[in-house]
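Open the model in your viewer and keep the sequence panel beside it. This tour goes from one selection to the next and says what is there.

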Amino acid sequence: MREVSMKMWRNLSIRWKIYSAGFIMFIAYQVLVAGFMVPRFTRALFDLEKDKVKSVVHTGKSIVSAYYDDYKSGLLTEEEAKSAAIKKIESIRYGEGGKDYIWINDINYIMIAHPYSRDLVGKNVKDHKDAAGKALFIEFVRVAREQGGG
């Protein structure tokens with residue numbers, strides 16, 4: 001069998017041998033791209049999205065801080081400051097089509113503000129699970145406690 005393959009290779013014209021070498025290099029390039037470049041590109045896109053979310057959350061924190069400062073300086077009552085901050089936070093939208101949002105829950109798992117699930121506001125969401133059955137708020141609070149935010 002090997003002899004037949006070698007005989008066929010020897011009988012190929014130089015043009016077909018060059019085409020074959022080019023095809024092999026093309027396949028090697030595709031393997032390189034798929035194996036090395038695509039994961040790096042995917043990671044870079046993930047990092048960009050992560051930075052975007054951090055920026056939006058930072059904006060939310062700045063809003064809350066500004067209303068807290070207004071409360072501390074006596075410009076607003078505590079209730080006015082909380083209400084105004086919540087209203088602003090619930091209006092924040094980002095991402096494609098403005099479908100992404102931020103919410104506020106405290107470290108005791110109490111939902112303070114949520115623009116879409118207002119029925120959760122004021123309730124303990126510790127055992128609230130996503131579609132896959134994961135208790136996300138437990139993880140959110142864990143990260144907030146361990147890292148001071150998240």
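**Stop 1: H114**

Select H114 and show what surrounds it. Beyond its neighbours within four places in sequence, H114 is in contact with E90, Y101, W103 and V121. Keep in mind that this is a predicted model.

Where does H114 sit? Its place is the loop between β4 (111-113) and α4. Is H114 buried or exposed? Its relative accessible area is 6%, so H114 is buried.

The side chains of H114 and Y101 are joined by a polar contact of 3.3 Å. Then pick Y116. Its backbone nitrogen lies 3.2 Å from a polar atom of the H114 side chain.

**Stop 2: helix α4**

Move along to residues 136-147, which form helix α4. Check its length first. Twelve residues at 1.5 Å a residue should span 16 Å, and the end C-alpha atoms of α4 are 16 Å apart, which agrees.

Colour F137, V141 and V143. These residues of α4 are buried. Turn the view to look down the helix axis. The buried residues of α4 fall within an arc of 160 degrees, so they line one face of the helix. An α-helix has 3.6 residues a turn, so residues three or four places apart point the same way.

What do the buried residues of α4 pack against? They pack against β3 (104-105) and β4. Step just past the helix to G148. This residue takes a positive phi of about 75 degrees.

**Stop 3: V141**

Which residues does V141 touch, leaving aside its neighbours within four places in sequence? It is in contact with N105, D106, I107 and Y109.

Draw a C-alpha to C-alpha distance from V141 to Y109. The two are 7.2 Å apart in space, yet 32 residues apart in sequence.

**Stop 4: the nonpolar cores**

Select V56, I63, Y67, A81, A85, I89, I92, Y94 and I102. These nine residues make up the largest nonpolar core. Which elements give two or more residues to this core? They are α2 (14-72) and α3 (78-91). Another core, of six residues, lies apart from it, with Y109, M111, V125 and F137 among its members.

Return to the largest core and centre on Y67, one of its residues.

**Stop 5: the whole chain**

Zoom out and switch to a cartoon. The protein chain has four helices and four strands. Follow them from the N terminus on, and the elements run α-α-α-β-β-β-β-α.

How spread out is the chain? Its radius of gyration is 28 Å, well over the 15 Å that the globule rule gives for 150 residues, so the chain is more spread out than a compact globule. Along the principal axes, its C-alpha atoms fill a box of roughly 90 × 30 × 30 Å.

Colour by burial to finish. Of the 150 residues, 15% count as buried. Among contacts with a separation of 6 or more, 31% come from residues 24 or more positions apart.

Definitions and conventions:
Residues are numbered from 1 along each chain as its sequence is written. This is a predicted model: local features need pLDDT of at least 70, side-chain atom pairs count only at pLDDT 80 or more; totals for chains, interfaces and linings use all residues. Side-chain values use heavy atoms; hydrogens and water are left out. Contact means heavy atoms within 4.5 Å. A nonpolar core is a set of buried Ala, Val, Leu, Ile, Met, Phe, Trp, Tyr and Cys residues joined through side-chain atoms within 4.5 Å. Buried means under 20% relative accessible area, exposed over 50%, partly exposed in between (1.4 Å probe, protein chains only). A polar contact is a pair of N or O atoms within 3.5 Å; within protein, one must be able to donate a hydrogen and the other to accept it, and residues adjacent in sequence count only if both atoms are side-chain atoms. The expected span of a helix is 1.5 Å times one less than its number of residues. The arc is that of the directions from the helix axis to the C-beta atoms. The radius of gyration is taken over C-alpha atoms; the globule rule is 2.2 Å times the number of residues to the power 0.38.
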